[in-house]
Amino acid sequence: MSVADTIPAAAGLENKVADLSIESNGAPKEHADDDDGNSDNEGANDDEGAAKKKKKRKNKKKKKSGTGASGQTETLTVPVSQLFPNNIYPEGQICEYVDDNKYRTTSEEMRAKDRLNEKQIFDLRRAAEVHREVRHNVQKRIKPGMDLTTIAEMIENGTRTLVEANGLEAGIGFPTGLSINDCAAHFTPNAGDHVVLQADDVIKVDFGVQVNGHIIDSAFTMSWNDRYKPLLDAVRDATNTGIREAGIDVRLGDIGAAIQEVMESYEIELDGKTIPIKPIRNLCGHNIAPYSIHGGKSVPIVANNDPTRMEEGELFAIETFGSTGRGHVDEDGVCSHYAMNSGKHSSPRITSAKKLLASISKNFGTLPFCRRYLDRLGESHYYLGLKSLVDSGIVAAYPPLHDVKGSYTAQFEHTFILRPNVKEVLSRGDDY
């Protein structure tokens, strides 16, 4: 789930600003995903004349990790616990540390430390397997002509079934983002919205899964027109670069510089014009804490002087955004994403706000939610209460984030953990 890095907060329910999340990493010894040509995500055949890339890159063979267990149904009805009755879920992409951290891979001390985190790794791998199976399924089912509410419910209902949703113990990590074209992030349909996916659209699909508060955050982009392939390639390559550069003691600013260099090496041809692909500089990745999608550290996607370092044991979501526009987003449109802020809050004065806060605390805690989730719980006439909670700072609002109209944006994202002895890209699959 993305967040805006530099946008100032505004008052009011429909005019709140979104925060941006960042990624942290651990440097891998080998990366099999630097050049990932995934036809499922693009939904279109290659068109070499549609766009050009400024500089050539050496293709590397992509390492695959099982996307979708055998035995899953076409309509996502089998919980992953039934597909893995031994409770051993697939590990993600394992990247050995290099340079000053190379000793960690073979250190018995580091391996012993790693075993202390087995429960967390178990929960994360279970959530990651749910994410892989859901996205593997919906990548084949999402088509132009579908209503975005139908797509969102398909993803969310599949996630609830496969993870065996049970309150705060397991379920959806945050609202399903379905952001189209110049909208880069934070759009999910509210009740009554009827947005139909068009054949020339570029859609970002961003959803999360949580088990015991341990969140997997991963996103991909789909298009059905060959001409957008360079945009998707640029962002996928940039995300994989960020993952490759990430590691224990790595500076966040250095990761942003590497991501920017790769992203800006691409260009795209649209309507007879050659357009450079720009990183969206006020969007970024983030670390993830239990029940908190944004843990406090931001991973930029452009060069800056942030000396903050990634640390052993941290969980990060590396996400990059590319644009054919100006490379900057602003809030625009009706808000759908919200999250209760952590910490103690004063009791709301408005009765409707007090009642709504109790429901939010019980069902979501500090996990993000959307209006459709409140509707699903049977909440009604909650707009005044929700506005009061936002205005008082108890709940944060995250409105849609847009680049200039007429532009196109893309996103790819993975979650990884900096284990003491290896970096594990938990959400890696054979799709991206």
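Some ground rules: residues count from 1 along each chain as its sequence is written, and side-chain values use heavy atoms, leaving out hydrogens and water. Because the model is predicted, local features need pLDDT of at least 70 and side-chain atom pairs count only at pLDDT 80 or more, while totals for chains, interfaces and linings use all residues.

Let's start with confidence. The chain has a mean pLDDT (the predictor's confidence in each residue, from 0 to 100) of 88, and 84% of its residues reach 70 or more. Residues 6–67 are a stretch to treat separately, with pLDDT below 50.

Now the helices; these are DSSP runs of H or I with at least four residues, strands are E runs of at least two, and both are numbered from the N terminus. The axes of H4 (residues 118–141) and H5 (residues 148–163) come within 10 Å and cross at roughly 145°; axes are lines fitted to C-alpha atoms, for helices over the stretch in contact, with angles from 0 to 180 degrees between N-to-C directions. Contact means heavy atoms within 4.5 Å. Among the residues making this one are Val-130 and Val-134 of H4, and Ile-155 and Leu-162 of H5.

And the sheet? It is open, with three strands in the order E15-E14-E16 and antiparallel pairing; a pair needs at least two bridges found by DSSP. E15 (369–370) and E16 (395–398) each have a single partner strand, so one side of each lacks a neighbour in the sheet. Tyr-338 has Phe-369 of E15 as its bridge partner. Finally, helix H10 (residues 383–391) lies across E14 and E16, at about 100° to E16.
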